[in-house]
Each structure stands twice: as structure tokens, then as C-alpha cells.
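Open your viewer and keep the sequence panel beside it.

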Amino acid sequence: IFIVGLVAAFTLRETRPPLEMDLSTQPMLGNYNANVEIILFEDLMCDECQYFFNDVFPKLNEQYIKTGIVSFKLIPIVFLPQSKKVTSTALCLYEQNHILFWQFLHLWFKSKPTFYIDSTLSELVKSMPHVNKATYNTCLENTNFDPIFEKNIHFAEKMVIPDVEVPA
């Protein structure tokens with residue numbers, strides 16, 4: 001489903017004005033100045049997103065991101081149950097060190113539970129040796145990511161292509 005959406009967005013790019021989005025604060029990998037930019041909107045509780053991150057992303061990362069051909073930006077969105085907790089955890093790690101965000105995603109998508117989210121998040125963060133636990137806990141307790149979540153959903157809504165007929 002997400003591939004069809006991406007293909008439609010790319011094929012219709014010339015018929016729509018370019019979207020103005022500030023992506024400078026979004027998690028990013030690769031060459032910032034690459035000619036190709038992949039922007040992925042992802043809810044961290046999404047099963048398809050788990051599949052993408054575990055099965056598609058490693059190949060994309062090795063062949064295109066690490067080689068500098070593309071930049072990859074992940075815009076975390078929140079719409080599924082429990083995703084706010086998971087995404088807040090990821091963003092607190094991102095604020096501490098951008099690499100921790102990607103390490104967390106790897107661990108999260110390998111173990112993504114449907115129950116006991118809080119204990120799973122706690123265990124995953126404890127297993128990450130380079131996390132400053134005090135800084136992480138302060139971030140979780142004192143940071144309201146709702147404005148970021150709202151901005152990211154607004155970005156995602158801009159990407160929706162209204163009234164497009166798909167040929168049969």
C-alpha cells in the first residue's frame with residue numbers, strides 16, 4: 001500500500017506544486033546533499049512499517065544510503081494505539097544522540113510487542129549501552145512531543161493526493 005502511494009506521488013510531482021516542508025529536524029541518514037531524497041512517514045506501531053524496516057530498509061541502506069546516493073528521512077507519525085509512547089522514546093533518544101534513534105528502531109522492530117509496551121521500552125533502552133539514562137528519563141518526563149506529532153501528521157496530510165483516478 002505505501003509503495004503505491006509513493007509511486008503516485010512521484011508520477012504526479014510535475015503536475016502539483018512542490019511541497020514546502022522543513023525536514024531539517026527530522027531523523028536522517030545518508031548524504032544530506034544527495035540528489036535523491038527518500039522521505040518515509042512511519043508509525044512505529046505499524047506492522048507494515050515493521051516489515052519495511054526489517055526486510056526492505058537493510059537493502060536500501062546498504063545499496064543507496066551508505067553509498068551516499070540517497071538521503072533517507074524518517075518522519076515519525078502517531079495514529080495507532082501506544083505509538084505515542086514508542087515514538088516519544090525514539091525521539092528522546094534522538095535528542096540525546098541521532099545514532100541512538102536508529103539503534104532503537106532496529107531493536108524495536110525486531111521485538112515489537114503487542115502487549116507490555118512500557119516494560120519492553122524500558123528493557124530495550126536499558127540494553128543500549130550508550131544511552132545516558134538520566135538524560136533519557138528527564139526527556140520522557142519533561143518533553144511534550146505533541147507539537148511535533150501534529151506537525152508530522154500535517155506533513156503526511158500534504159502528501160495525500162486528492163481525487164486521483166487510478167487506471168483499471
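Helices here are DSSP runs of at least four residues, numbered from the N terminus. An axis is a line fitted to C-alpha atoms, for a helix over the stretch in contact, and angles run from 0 to 180 degrees between N-to-C directions. Keep in mind that this is a predicted model.

**Stop 1: the whole protein**

Show everything as a cartoon. Trace the elements from the N terminus: the order is α-β-β-α-β-α-α-α-α-α. The protein has 168 residues, and 37% of them are buried. Now think about contacts between residues at least 6 apart in sequence: 77% of these join residues at least 24 apart.

**Stop 2: two helices that cross**

Two packed helices are described by the angle between their axes and the distance between the axes. Select residues 47–65, which form helix 2, and residues 98–111, which form helix 4. Their axes come within 9 Å and cross at roughly 115 degrees. The crossing of helix 2 past helix 4 is left-handed.

Which residues of the two helices meet? Show side chains to see. Helix 2 brings Cys49, Gln50, Phe53 and Asn54. Helix 4 brings Trp102, Leu105, His106, Phe109 and Lys110. Colour this contact by class: five residues are nonpolar, three are polar and one is charged.

**Stop 3: a pocket**

Next, go to the second largest pocket, which holds about 210 Å³ of space. Select its lining: Lys85, Thr89, Asp118, Leu121, Ser122, Val125, Lys126, Lys133, Tyr136, Asn137 and Leu140.

Which helix gives the most to this lining? Helix 5 does, with five residues. Helix 3 (83–96), helix 5 (117–126) and helix 6 (133–142) each supply at least two residues. By class, the lining has four nonpolar, three polar and four charged residues.

**Stop 4**

Is Thr120 buried or exposed? Its relative accessible area is 17%, and the cut-off for buried is under 20%, so Thr120 is buried.

Now show what surrounds it. Setting aside neighbours within four places in sequence, Thr120 is in contact with Trp108, Ser111, Pro113 and Phe115. Finally, draw a line from the C-alpha of Thr120 to the C-alpha of Val86. The two residues are 34 apart in sequence, and the line spans 9.8 Å.

Key. Residues are numbered from 1 along each chain as its sequence is written. This is a predicted model: local features need pLDDT of at least 70, side-chain atom pairs count only at pLDDT 80 or more; totals for chains, interfaces and linings use all residues. Side-chain values use heavy atoms; hydrogens and water are left out. A crossing is left-handed if the near helix is turned anticlockwise from the far one by less than a right angle, and right-handed if clockwise. Contact means heavy atoms within 4.5 Å. Ala, Val, Leu, Ile, Met, Phe, Trp, Tyr, Cys and Pro count as nonpolar, Asp, Glu, Lys and Arg as charged, and the others, Gly among them, as polar. On a 1 Å grid over the protein atoms alone, a cavity is a set of points where a 1.4 Å probe fits but cannot get out, and a pocket is an open set with protein on both sides within 12 Å along at least five of seven lines; lining residues have an atom within 4 Å of a point. Grid points are joined across faces, edges and corners, and a volume is the space filled by probe spheres set on the points. Buried means under 20% relative accessible area, exposed over 50%, partly exposed in between (1.4 Å probe, protein chains only).
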